[in-house]
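Student: I have a new structure to read. Can you take me through it, feature by feature?

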Amino acid sequence: MIPVDRAWFATTLVAWQRQHGRHGLPWQWTRDPYRVWLSEVMLQQTQVATVLGYFGRFLEHFATVRELADAPQAQVFALWSGLGYYSRAKNLHACAQMIRDQHGGEFPQTQAQLQELPGIGPSTAAAIASFCFSQRASIFDGNVKRVLARVTAFDGDVSQASAARPLNGIAQDWVLGVANDADMPHYTQGLMDLGATVCTARNPSCASCPIQMRCEANARSQQTQFPVKRAKIKRSAEHWRIVVFARRTSGGVVEFWLTQRPPTGIWASLFTPSVELISTECFESKQGAAADFGEPLSAFNHVLTHKDLHLEPWLRVLRATDGLPSDTGRWYASTQLSNVGLPKAIKTILDDALKRINSPPG
């Protein structure tokens, strides 16, 4: 194996980041832990281009961690709508409240203390500690795993926490090579930038990599064989019938009947129309559906991390004399849906329903 000196690695990476790394993202080069934390949470499993819009809108509504903590959960979910992985929004709000209530509105300054907060794992804690407080702690996200696994030709399964532990040990050891506090933000940002722009999952640009001369995978011409991921994601599928109950008020406004989902499970604590889990056979045949549920809307598939949702939406417009669709839920004006925490798929269905109501076929 090609020996890698941690001081050389840190110095080389910092110099590369200063000259070639990313510098224009709105959460960069700030020592405000609120902004770093918000960006780190949003960037989990989400592309930078998607996060850019959400990050700005969140700061417009919640400029500080206290403002986020004081906000109603429904408002937080509404602003998060469409970003996916909604447990992040729930933990974000809970974390802000804990910082307000138990830490006087100030973020703890060590990685260990930060990890005690809801939704903050080791990598996010390391990002906050290194960017904002110059603590020698290395992030260990997907980009970092890929860079270090290739440099060292690490053959452990990085998709398994126990198998990846030695690689994390390397990450935490090499960060000690950073010469001074001023270099810590550049080192941390450099690791992320190198993985995101050069040492990419597919077609890495090894000729542009500052570490290539010490990279074991490059020396073996085995870049695409690292990192090793032996564990396969087991996907499953469910079929959901979604009945959109709607009505038009005397003032002409269309309203939808929405119910808040349970605090755990798919779309936890978000709002949806009536949802029913149905069998594959029932989904494919749509047996008896027209008589019971109104007119069909466009069916489609919605892809989650480990599950495919096959959605069969229906629209049923109620008259003024009809009773309430269920004992739980309430009417929400279509003009106010931006203030309601809706899953992206449900927003698509409600938009389709609203078009159908306002422009009936035929």
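Tutor: D141 caps the N-terminal end of helix 9, with a side-chain oxygen 3.3 Å from the backbone nitrogen of N143. Keep in mind that this is a predicted model.

Student: Is helix 9 mostly covered or mostly open?

Tutor: Start with the general idea. An α-helix has 3.6 residues a turn, so residues three or four places apart point the same way. Now the case here. Helix 9 is mostly covered, with nine of its 11 residues buried. The buried ones are N143, V144, R146, V147, L148, A149, R150, V151 and T152.

Student: What covers the buried residues of helix 9?

Tutor: The cover includes helix 1 (6-20), helix 10, helix 11 and helix 12 (216-220).

Student: What happens just after helix 9?

Tutor: First, the background. Most residues other than glycine have a negative phi, and most peptide bonds are trans. Just after helix 9, A153 takes a positive phi of about 55 degrees.

Student: Which other residues have a positive phi?

Tutor: Two to look at are N203 and S221. N203 has a phi near 50 degrees and sits in the loop between helix 11 and helix 12. S221 has a phi near 55 degrees and belongs to the loop between helix 12 and strand 1.

Student: Are N203 and S221 buried or exposed?

Tutor: Exposed means over 50% relative accessible area. N203 has 68%, so N203 is exposed. S221 has 60%, so S221 also counts as exposed.

Student: Where is there a cis peptide bond?

Tutor: Look between F226 and P227, where omega is about 0 degrees. P227 lies in the loop between helix 12 and strand 1.

Student: Now a residue in helix 1. Is T12 buried or exposed?

Tutor: T12 has its place in helix 1. Buried means under 20% relative accessible area. T12 has 17%, so T12 is buried. Leaving aside its neighbours within four places in sequence, T12 is in contact with P210 and I211.

Student: On to the strands. Why is strand 2 called largely enclosed?

Tutor: The general idea first. In a regular strand the side chains alternate between the two faces of the sheet. Strand 2 covers residues 254-260. Five of its seven residues are buried, so strand 2 is largely enclosed by the rest of the structure.

Student: Which strands are joined to strand 2?

Tutor: Take them in turn. Strand 1 (residues 236-248) runs antiparallel to strand 2, with three bridges between them. Within that pair, A246 has F256 as its bridge partner. Strand 8 (residues 330-333) is also antiparallel to strand 2, through four bridges. There, E255 stands opposite A333. Strand 3 (residues 271-272) is antiparallel to strand 2 as well, through two bridges. T259 faces T272 in that strand.

Student: How many residues lie between strand 1 and strand 2 in their hairpin?

Tutor: Five. In the turn, G252 has a positive phi of about 90 degrees.

Student: And the empty space? What is the volume of the largest pocket?

Tutor: Here is how to find such space. Rolling a probe the size of a water molecule over the atoms shows where empty space is left. In this model, the largest pocket has a volume of about 1900 Å³. Its lining has 49 residues, with L43, Q45, D141, G142 and N143 nearest the centre. D141 is the helix 9 cap again.

Student: Which helix gives the most to that lining?

Tutor: Helix 9, with five residues. By class, the lining holds 19 nonpolar, 21 polar and nine charged residues.

Student: What about the second largest pocket?

Tutor: The second largest pocket has about 680 Å³ of space. Its lining has 24 residues, and L83, G84, Y85, L304 and T305 are the closest to its centre. Helix 3, helix 6 (87-102) and strand 6 (300-303) each supply at least two lining residues.

Student: How many cavities of 30 Å³ or more are there?

Tutor: The count is one. About 110 Å³ of space lies in the largest cavity. It is lined by 14 residues, and R150, C199, C206, C209 and C215 lie nearest its centre. Helix 9 supplies the largest share of that lining, three residues. The lining divides into 10 nonpolar, three polar and one charged.

Terms used:
Residues are numbered from 1 along each chain as its sequence is written. This is a predicted model: local features need pLDDT of at least 70, side-chain atom pairs count only at pLDDT 80 or more; totals for chains, interfaces and linings use all residues. Side-chain values use heavy atoms; hydrogens and water are left out. Buried means under 20% relative accessible area, exposed over 50%, partly exposed in between (1.4 Å probe, protein chains only). Two strands pair if DSSP finds at least two bridges between them. On a 1 Å grid over the protein atoms alone, a cavity is a set of points where a 1.4 Å probe fits but cannot get out, and a pocket is an open set with protein on both sides within 12 Å along at least five of seven lines; lining residues have an atom within 4 Å of a point. Grid points are joined across faces, edges and corners, and a volume is the space filled by probe spheres set on the points. Ala, Val, Leu, Ile, Met, Phe, Trp, Tyr, Cys and Pro count as nonpolar, Asp, Glu, Lys and Arg as charged, and the others, Gly among them, as polar. Contact means heavy atoms within 4.5 Å. A polar contact is a pair of N or O atoms within 3.5 Å; within protein, one must be able to donate a hydrogen and the other to accept it, and residues adjacent in sequence count only if both atoms are side-chain atoms.
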